[in-house]
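Dear colleague,

My findings follow directly below the model.

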Amino acid sequence: MSKAPEYPSIKSRTLTITHDIPISRTKVYWDGLREGKVYATKCKNCGQTYYPPQPDCPNCLTSNMDWIQISEGTLETFTQAYLKPQGFTHYEQNYIIAIAKVSEEIKVMGWLEETDIKNVKVEMPVEITAKTMPDGFPTIILKPKQTSTQHPALNQ
Amino acid sequence: MKRVAIIGVGHSKFGVRADATYCELAFEAVKEAIEDAGITQKDIDLSVVGSVGNRLYDMYPAPSVNEYVGLTFKGPLRVEAACASGSAAIFTAYNAIKSGFAETAIAIGVEKMCEVDTPTSTAIGGRGCYLWEFHMFGTSFAAYYALFATAHMTKYGTKEEQLAKVAVKNHYYGARNPKAHFQREINVEQALKSRVICWPLKLYDCCPISDGAAAIILASEEKVKELKIQDPIWILAIGYGSDTGNLTRREDYTSIKSTRIASQMAYKMAKINPEDIDVAEVHDCFTIAEIMAYEDLGFCKKGEGGKLIDEGQTWIGGKIPVNVDGGLKAKGHPLGATGCSMIYELTKQLRNEAGNRQVPLKKYLALAHNVGMTGQYCYVTILGR
C-alpha cells in the first residue's frame, strides 16, 4: 500500500468525558455483579422477563419488578476480539465475547472463560457468573461446564 | 401522491482525507450535485445533513456545513441513524417533498472519521449500547458482525473462503472506481491470510475507517417539469425497518431482521420483486453483512448467500450485480455519507454513466440497502428510470 502523503494539521483542545450513570433503580444488578451473580427482572404484573434488566415494563406499562438470578445457558454465538477499543487496550488477552441463551426471553452477553477459540462451540453449556476486573470494572463470565455435561455437538 | 425525482448527485473522493475538513468534503459533493442538477443554491428549499458526527471536532455539524456550501437558512436539522444516516437524510428530504413542504431538497451525507485514532474511533463505534454491552465487554462493530458470522457459519456452513470472495469482488470494482478509498485488487489467499480483527473476521473482511461526503438533490415532479429536466431518476419506494438496541434481545444472529422488514416494505411500495432489480448497493460493512444482505433482500434463499458469491452471481454479468462501485468494503464507509454514496452510484448506473463498471440494464430498476449498526436501523430505497 502506498503511504498517504502528509498534510499539515493542528491539534484540537482535549475533551475528556466520563459519565456518572444513575443505577438507583438497577442497584440489585450492579451489586449482584460484585457478588458474582447476574440478575434479570420479571414483571410482577404480566410476568414478562427482561435482560438487560429494566425496572419498567413496556409490555404492561407498570414498574413493579421481581429480581431473578440467571445462572446457566447455552452458547448461541461468539467471537474473539483482537481489536480493542479505547478503554480496553490495557487488557492483554484477546477476550472472547459470547452470547448465551438462558430462556426463550433471555440471552446474556459475557466474556467466555477460555483462551483457545478452537475449544469453543455453539451450543456449549455455560455457567453464568460475574467478577470485578483488576481495573475495578465488572464483567460477566460465561464458564464452560465440565466435560461430563458437555453438549453432544462438542464430540463431533 | 407527488412523485419525487433525483435531479443531481455529487460525491467526494473517499479515503483518509487528511487534506480536508468535513465542511470542505461536503463542498466537494455539494458542488458536483448542484452542477449536475444545473441549478443554484437558490433553487433548494431544504437542506438535510446526515452525519453520525461523533468523531468530529464539532458536535453540531449541520450549520457549519450549510454555511460553508451556501445553504444557510435552508438547514433546520441534522439527522442521525448511525451508518444509515445518509439514507435517513434522503428519507427526510423525500418526505418534505412528498408532503409539499419543499419542491427541491438536498440530502448531504458527510463524515470525518480519521481525525481520531483507531482505538478511539472503535470505542465510539462500539458505544451503541454502552451500559449493557460496551461497558463490560469492550464490544466493537467488528465484534458485533463477527457474532453474526460465527452464527451464520455454524448454521449454514458458510465458509471463510466465501467471505473472502465478497472482499475480492468488491476490491475488484473499487480498483475501477476513482472515488474509492482502496483502488487495488486482492485475491482470496491474501484475504484469508490477513490478520484477525475479531475472529472469524479478518482485516479484509472489514470496511476501512474513511472520510467522505456525498450529496443528492431531490425534486418534485412539478419542479422537474419547471426545470425542463429530461428523463430523471425516480425514487419508487423507500422502506424502513429497525430492531432492538441490545444484541441480546435479537431472535437470532444469522439474519438482519430490519433488512427483511424494510425490503418487503419497499418491494410492495414499488410493486416489484427482487428478481426485477438490475443492480444493487448493499451494506457490506463486513463481508458477512453482504452475504446476509443477499439472503434478507431475497436475492437468494436463506442460507445460500455463500453459494451466490461462489457462483459469481453478484458480479457484473451475474444474476444480480452487487456493489460494483467497490461497496463499503473497498470504496470506504464514511458513515453519514454511505447512504448518499449508494444513491449516487445507482443514479449513475441508471443513467448509463458508470463507464467501465456499467451494469447492463433490463428493467431500469436499482436497489440501495443501508443498515445502521447491526440492523438497529435499515433503509431500502428503490430507484427507477
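How many bridges join strand β10 of chain B to strand β11 of chain B, and in which sense do the two strands run? In this predicted model, β10 (residues 365–372) and β11 (residues 377–384) of chain B are joined by 8 bridges and run antiparallel. Within β11(B), T381(B) is the bridge partner of A368(B).

Both strands belong to an open sheet of 9 strands in chain B, with the order β3-β2-β4-β7-β1-β8-β11-β10-β9 and mixed pairing. At its edges are β3 (77–79) and β9 (279–281) of chain B, each of which pairs on one side only. From one strand to the next, the twist averages 30 degrees.

Two helices of chain B may be described in relation to this sheet. Helix α3 (residues 85–98) of chain B packs on the sheet, and its direction makes about 170 degrees with that of β4(B). The strands of chain B that α3 touches include β1 (4–11), β2 (46–50) and β8 (233–242). Helix α14 (residues 335–350) of chain B runs at about 125 degrees to β4(B) and lies across several strands, among them β7, β9 and β10 of chain B.

As regards the contact between the chains, 32 residues come from chain B and 34 residues from chain A. On the side of chain B that touches chain A, α6(B) provides the largest share, 7 residues. That side has 20 nonpolar, 10 polar and 2 charged residues. Strand pairing also links the chains: β4 (residues 72–81) of chain A and β5(B) pair in the antiparallel sense over 2 bridges. There, Q80(A) stands opposite W199(B) in β5(B).

Yours sincerely

Methods: Residues numbered from 1 in each chain as written. Chains lettered and ligands numbered in written order. Predicted model: local features only at pLDDT ≥ 70, side-chain atom pairs only at ≥ 80, totals over all residues. Pairing = 2+ DSSP bridges. Helix = DSSP H or I, 4+ residues; strand = E, 2+ residues; numbered from the N terminus. Axes fitted to C-alpha atoms, helices over the stretch in contact; angles between N-to-C directions. Contact = placed C-beta atoms within 7 Å. Nonpolar A, V, L, I, M, F, W, Y, C, P; charged D, E, K, R; others polar.
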